Amino acid sequence: MEILNYETLKKMNYDGYLLEEAPVRVLQFGEGNFLRAFVDYFFDMMNEKVDFNSKVTLVTPIGGGTTDLINQQEGLYTLYLRGFQDGKKVNKKRIISSVDRCLDPYVNYEEVLACADNPDLRFIASNTTEAGIAFDPSCKFSDVPASSFPGKLTQLMHRRFEKFGATKGKGFVILSCELIDDNGKELKNCVLEYAKLWNLEPEFIKWIEEENIFCSTLVDRIVTGFPRNEVDALNEENGYIDNIMDTAEVFGFWVIEGPDSLKEELPFEKAGLPVLITANHKPYKQRKVRILNGAHTSFVLGAYLAGQDIVRDCMDDNVIQGFMNKTIYDEIIPTLTLPEKELNDFAAAVTERFKNPFIDHELLSIALNSTSKWKARVLPSLKGYLEKTDKLPACITASFAFYMSFYRGYKLTDDGLVAKREQNEYLVKDDLKVLEFYFAHKDDSVEDLVHAVLTNTDFWGEDLSKLKGFEASVVSYMNDIQEKGAYEVMKACL
């Protein structure tokens, strides 16, 4: 079989959508599975649906990566979107042709900088991991390239300013997809810091502020990446070799914070795509963190103690799914500000996503760092519910007891805190300080342990024993978990 490229597809008389030639209007820092299954997919769909007519040049942020493989395939790759949608199992396949090529800045940074000379270039997308948006004062303007992503971006923007600074409308729309709060604003702050550190022209700083739009965005899609165990069979089925094949769930949602004018420049809505351009992305971030992530954190530890190992199997159990649904619909959604229908629709999609037959999402992997996750994802719903009703939410309170019961280990090792589920050992993984705390309290009574945990302000940023009735309720749930088991406690909450 031949490697996937345009010539291979012509020989096969491929009749699906392809865009072989178009202006490069997007530069993307990041060539990994996520961006190719998310951003590049949306641009590809927009090319087909509304003739957006744009190619994307990829830049690998740290060098190497899949640059050569992408270029061998002329940017083409097969994307499978798989999951559960509207009550049905879905497996969609599409050849993505929005990508033009991939550049390695550590091999030829001049070629990356030369992208700024392209008058058609308008959009910059990035996903350089959570650590990518950081200011490193050791970066120099003369570095080839600067080691940090914001440093590279500042170098690129300065080249753009030198070429088009006097021309209106030649700045960039920057779509930051890193998983940090206010990603666009943080990126802009870093760029401005570099401009000042490097003593670049005041006119350049003014141009950054006036001619460029740094968009904070929220991204939501589980990307499972290269299907290593299936790739040979899929290549055989397709009739070509694809070394950068990608897989993801069907669900996808992208919120871009920016001015209304972007809706014309980026006609996602006209293309019927689940991409929202809004003046404020934060309510949507709150929805995702509280409902999707909050549901995970509030039920998986109890479900694991109840004998389950994979999210999908939990959705086949009426008690566990019922506990999750009650948490979401009765205790989380009432604390949120978006319209109820939007919240309910999102919650229904969450349940379908958890049922995805193509993803074996292990409960123990979700359980990683549950202390900080509970604080960020579940605690705001607990406090919001208390403020609104003056009552404790039963499922959320029980979920705190599940969290503490899950963390009751008896042996601290380099790999984590060893705990037991019936006769089987498992590892609790979290910050070392958290694990050392639980190990130090391993012989406490339930009452003493609950008090110690609730009053640990390092964990929660406040004293949770001051929440009305919370301490006594958690003690009661933990005693029930010890006597009857986590499954029976979930059932009692219903």
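Author: A cavity is a set of points, on a 1 Å grid over the protein atoms alone, where a 1.4 Å probe fits but cannot get out, and its volume is the space filled by probe spheres set on those points. This is a predicted model, in which local features need pLDDT of at least 70 and side-chain atom pairs count only at pLDDT 80 or more, while totals for chains, interfaces and linings use all residues. Residues are numbered from 1 along each chain as its sequence is written, and side-chain values use heavy atoms, with hydrogens and water left out. About 60 Å³ of space lies in the largest cavity.

Reader: What makes the lining of the largest cavity, and which residues belong to it?

Author: Lining residues have an atom within 4 Å of a cavity point, and here they are I222, H296, V311, R312, R353, F354, N356, I359 and H361.

Reader: Why is the pair of Y304 and F406 called edge-to-face?

Author: Rings pair if their centres lie within 6.5 Å, and planes over 60 degrees apart count as edge-to-face; the centres of Y304 and F406 are 5.8 Å apart and their planes stand at 80°, so the pair is edge-to-face. Y304 lies in helix α11 and F406 in helix α17, 102 residues apart.

Reader: How do you know whether F406 is buried or exposed?

Author: Buried means under 20% relative accessible area, and F406 has 1%, so F406 is buried. Y304, at 6%, is buried too.

Conventions
1 Å grid on protein atoms, 1.4 Å probe; cavity = no way out; pocket = protein on both sides within 12 Å on 5 of 7 lines; lining within 4 Å. Phe/Tyr/Trp six-rings, centres within 6.5 Å; stacked < 30°, edge-to-face > 60°. Helix = DSSP H or I, 4+ residues; strand = E, 2+ residues; numbered from the N terminus. Buried < 20%, exposed > 50% of the residue type's maximum accessible area, 1.4 Å probe, protein only.
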